[in-house]
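Have a look at the model first, and then I'll walk you through a few spots.

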Amino acid sequence: MIRIQPDAREHIQRNGGTVTLRGSRRHGCCGGTAFVPVAEPGRPNELEDYRSIEVDGITVFLQRDVETGSEPLVIGLDELWRLKRLRVEGTAIWM
Amino acid sequence: MTSKDVQERSTGRGPHNPLADAPRAPDEQKASARELGLFGRYLTLWVALCIVAGVAIGQFLPAVPETLARFTYAQVSIPVAILIWLMIYPMMVQIDFASIIGVRRQPKGLTITLVVNWLIKPFTMFLFAWLFLQVLFAPLIEAGLAREYVAGAILLGAAPCTAMVFVWSYLTRGDPAYTLVQVAINDLIMLFAFAPIVIFLLGISDIAVPYDTVLLSVVLYIVIPLVAGYLSRAWLIRTRGMDWFENVFLKALGPVTMIGLLLTLVLLFSFQGEVILNNPLHILLIAVPLIVQTFFIFAIAYGWAKAWKVQHDVAAPAALIGASNFFELAVAAAIVLFGLNSGAALATVVGVLVEVPVMLMLVRFANATRGRFPPAAGTLAAQPNG
């Protein structure tokens, strides 16, 4: 399940109305790999690796092989001065 | 979001309705050593084998370390510098400094991690190392060597974990957005705080090191890899795309840190043979204050988070980042400041030896105590209403 907060929705709409939600790879120095869920405005380059869903008028490209946790993934917006960036809250993605 | 808000549109692999899949909670059992893979699960064993291999090379093939020791420039060992860059660069290239935009989102969690990492941790590490190695174990360790071990512990305590914290956070179902922010901010602070903290604590330990040598280690093993990581990350993402960067470049780079780490340890212990063979018990003695410090720092941060009613997915990564050390940097700085055959370098390696087993214990404790913390805000706000 995916939820988009109002300010994030507005930001995505201003940037084309689509958002890509994927797991960002992080290697531990002692082994192990974690996938940090991240959201970026726009479509992914490798469309076949994603499925798309409509959430509140926004097209979300969700990476395949994603298992969401028991709670929804929530796309929010962080702002610092004039800088804006989407963030994802919710259980980490298990690949 | 209601179910009718969601319309599945196939993009090439057939229809898929995400709501048709009951969302599965990540299996709690997965949060174990298994997730670390073969390397991480047995890191202590690999480190022990590197100690044995290094000592054996030093004893039976002394020409190898002697030859490598000749390749120096401005008193910096070139082979060591290359191996350390191999360890540190892959971590630095993963840092997403743009995540700092989210700095205001979890002020309590960030306050805890910053205060614990920079105002408490370096000083308690020094305190425990001094107490155990120079006071309680004084009859067992020669005074000069004990002082060098304390220096190694100071280097371990002066920088928080940079890469492994993502895995610890993952294993405790930590908030990934918060983890990104805390790593980026701590690494920026490390750029400016590492040298002053090390100089100050070595100073009160009566260990004189030239300022320019400390600065050299900071430039070589923090500034250069950090800038190289930032610039190459930006360039590769711009020219090859994020997908290639993460799924090809980072995937290929993943094992490099581990290979660099193990080769550095073999090289280091090829110079450490005499110290180890003469004082095999010292490894255990050095481990004591390091383990005590790890539990102590975790207890402070985790207890503080509990007292402040911080949600568990922030409390766990905030506590785990301080408990875990940036030991690659500590090993590098110890080699630059004190040499490959120094007690300080040995102490930093003991940090590597105990890291994974101790941190896994804390991960299990954090998972077992999740219910005692407030749930994540998103959990309550995001209940489906359809």
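This is a predicted model: local features need pLDDT of at least 70, side-chain atom pairs count only at pLDDT 80 or more; totals for chains, interfaces and linings use all residues.

The helices (H or I, at least four residues) and strands (E, at least two) are DSSP runs, numbered from the N terminus.

Residues are numbered from 1 along each chain as its sequence is written, while chains are lettered from A and ligands numbered from 1 in the order in which they are written.

So, the hairpin. Strand S4 (residues 50-55) and strand S5 (residues 58-63) of chain A pair antiparallel over six bridges. A:Ser52 sits opposite A:Phe61 in S5(A). Two residues lie between the strands of this hairpin, and A:Asp56 has a positive phi near 50°.

Chain A also has an open sheet of three strands, ordered S1-S6-S7, with mixed pairing. Its edges are strand S1 (2-4) and strand S7 (83-89) of chain A, each pairing on one side only. On average, neighbouring strands in this sheet are turned by 30° against each other, ignoring direction. S1(A) runs parallel to strand S6 (residues 73-80) of chain A, over three bridges, and A:Ile4 has A:Ile75 in S6(A) as its bridge partner. Then H1(A) lies across S1, S6 and S7 of chain A, at about 80° to S6(A). Those angles are between axes, lines fitted to C-alpha atoms (for helices over the stretch in contact), and run from 0 to 180 degrees between N-to-C directions.

How confident is the predictor? pLDDT is its confidence in each residue, from 0 to 100. Chain A averages 84, and 91% of its residues score at least 70.

Over to chain B, with 15 helices and three strands. Where is B:Gln272? In helix H10 (residues 242-278) of chain B. And why does B:Gln272 count as buried? Because 23 other C-beta atoms lie within 10 Å; the cut-offs are 20 or more for buried, 12 or fewer for exposed, and partly exposed in between, with C-beta atoms placed from the backbone. Leaving out residues up to four places away in sequence, B:Gln272 touches B:Gly54, B:Val55, B:Asn341 and B:Leu346; contact means C-beta atoms, placed from the backbone, within 7 Å. B:Gly58 is 214 residues away along the chain, yet its C-alpha is 7.7 Å from that of B:Gln272.

How values were computed: pLDDT is the predictor's confidence in each residue, from 0 to 100. Two residues are in contact if their C-beta atoms, placed from the backbone, lie within 7 Å. Two strands pair if DSSP finds at least two bridges between them.
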